[in-house]
Amino acid sequence: MIRVERAKVYFEVRKGFFKRDIVKAVDGVSFKIDKGKTLALVGESGCGKTTLGKLTLRLVKPIEGRVFFDGLDITNLKEKELKEFRRKAQIIFQDPYSSLDPTQNVYQIVEEPLLIHKVGEKKERVYKALEDVKLIPQEDFLGKYPHQLSGGQRQRVSIARALVLEPNYIVADEPVSMIDASSRAEILFLLKELQAKKNLTFLYITHDIATAKYFADEIAVMYLGKIVEYGNPQEVIKEPKHPYTQALIEAIPEPEPKNKDRLRKIIGGEPPNPINVPKGCRFHPRCPYFMKDICDTKEPELKRVEGKREISCYLYEFRRDY
Ligand code: SF4
């Protein structure tokens with residue numbers, strides 16, 4: 001369904017009048033997601049996971065590499081084909097507060113994609129989308145504005161808006177991180193239910209590796225624009241192999257925002273700036289297993305070590321007792 005091949009997304013950032021820096025947001029990433037499956041993309045803020053999600057929707061373009069959707073190369077689609085593709089691929093944003101127009105009511109919000117894509121049977125489709133996300137009876141919600149809804153209800157409206165065009169592929173970008181703890185499990189359960197019912201394919205972007213275990217079929221851990229570990233979520237969470245994944249797992253017990261501080265205590269400091277990516281393994285300035293003249297010399301490749309598990313770390317090239 002989705003295939004990304006050696007993709008790089010770099011951004012130019014102005015630095016003063018004449019100078020420009022290059023941010024390496026995605027730096028040579030490959031993966032695929034099979035139809036009806038979920039890949040969880042996990043990592044700290046700024047690791048490139050949202051850019052990678054946008055890349056699969058062609059909301060950003062790679063400077064290198066290619067992206068395929070159902071076998072179709074979408075990397076260089078022209079406007080007309082791109083619009084057609086966008087009917088089939090949608091996004092659910094992290095923040096249902098800022099992603100919903102406060103001046104539109106629920107009907108107008110969910111109807112908007114149908115207007116953009118000139119799709120008929122608007123009323124029936126809006127009613128169906130609200131039923132899918134369990135905002136029923138629909139009449140109780142259609143005339144309400146975002147500020148009249150709870151956080152969980154707002155996220156259900158976002159999901160209804162994403163579903164109304166009947167897409168096959170959805171990027172769910174931190175869909176539960178801005179809502180209260182009691183609604184989180186309900187929203188994830190709803191997404192799971194919708195996936196089974198409609199055979200949806202998901203890219204689930206999250207900083208919370210624990211929810212990936214429940215929601216995803218496969219997991220990719222990202223650090224500074226690269227995938228550093230890939231595999232089955234149960235196995236990766238039970239026995240993380242990359243030192244960065246190990247730190248993410250160790251930080252799990254604390255909910256956000258303490259989780260961020262805890263992670264920084266465990267591995268030390270902030271992630272390095274994607275403008276100045278460290279030489280060699282990009283995790284080496286924070287890694288407790290750093291090996292001089294190896295880890296700071298050449299970047300380790302993402303290599304298969306057992307079953308589906310792939311790791312980018314020299315520990316697993318020089319040691320075979322994992
Ligand atoms: Fe740590 Fe070296 Fe492995 Fe990088 S390659 S994660 S620095 S042990």
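This section describes the overall dimensions, strand pairing, backbone geometry and ligand surroundings of a predicted model.

Residues are numbered from 1 along each chain as its sequence is written, and side-chain values use heavy atoms, with hydrogens and water left out. Since the model is predicted, local features need pLDDT of at least 70 and side-chain atom pairs count only at pLDDT 80 or more, while totals for chains, interfaces and linings use all residues.

The chain contains 12 helices and 12 strands, where helices (H or I, at least four residues) and strands (E, at least two) are DSSP runs numbered from the N terminus. The C-alpha trace spans about 65 × 45 × 45 Å along its principal axes. Of the 322 residues, 51% are buried. Buried denotes under 20% relative accessible area, exposed over 50%, and partly exposed in between (1.4 Å probe, protein chains only).

Strands S1 (residues 2–15) and S2 (residues 19–33) run antiparallel and are joined by 12 bridges; two strands pair if DSSP finds at least two bridges between them. Within this pair, Arg14 stands opposite Arg20 in S2. The two strands form a hairpin with three residues between them, and Gly16 in the turn has a positive phi of about 75°. S1 and S2 also belong to an open sheet of four strands, in the order S2-S1-S4-S5 and with antiparallel pairing. S2 and strand S5 (72–73) stand at the edges, each with a single partner strand, so one side of each is left without a neighbour in the sheet. Strand S4 (residues 64–69) pairs with S5 in the antiparallel sense over two bridges, and the bridge partner of Phe68 in S5 is Asp73.

S9 in turn pairs with strand S10 in the antiparallel sense over five bridges, with Ala220 opposite Tyr230 in S10. The hairpin of S9 and S10 has two residues between the strands, and Leu224 in this hairpin takes a positive phi near 45°. Five of the six residues of S10 (residues 226–231) are buried, so S10 is largely enclosed by the rest of the structure. Two bridges join S10 to strand S12 (residues 309–311), and these strands run antiparallel; Glu229 stands opposite Ile311 in S12.

Most residues other than glycine have a negative phi, and most peptide bonds are trans. Arg6, which is not a glycine, has a positive phi of about 45°. Arg6 lies in strand S1 and counts as exposed at 59% relative accessibility. Glu174, also not a glycine, has a positive phi of about 50°. Glu174 is found in the loop between strand S7 (169–173) and helix H7 (181–198), and counts as buried at 8% relative accessibility. A cis peptide bond with omega of about -5° joins Ile136 and Pro137. Pro137 is found in the loop between helix H4 (122–132) and helix H5 (139–142).

The ligand sits in the largest cavity. A cavity is a set of points, on a 1 Å grid over the protein atoms alone, where a 1.4 Å probe fits but cannot get out, and a molecule sits in a cavity if more than half of its atoms lie within 2 Å of its grid points. The residues around the ligand (one heavy atom within 4 Å) are His242, Pro243, Cys281, Phe283, His284, Cys287, Tyr289, Cys295, Cys313, Tyr314 and Leu315. This shell divides into nine nonpolar residues, two polar and no charged, with Ala, Val, Leu, Ile, Met, Phe, Trp, Tyr, Cys and Pro counted as nonpolar, Asp, Glu, Lys and Arg as charged, and the others, Gly among them, as polar.

Definitions and conventions:
1 Å grid on protein atoms, 1.4 Å probe; cavity = no way out; pocket = protein on both sides within 12 Å on 5 of 7 lines; lining within 4 Å.
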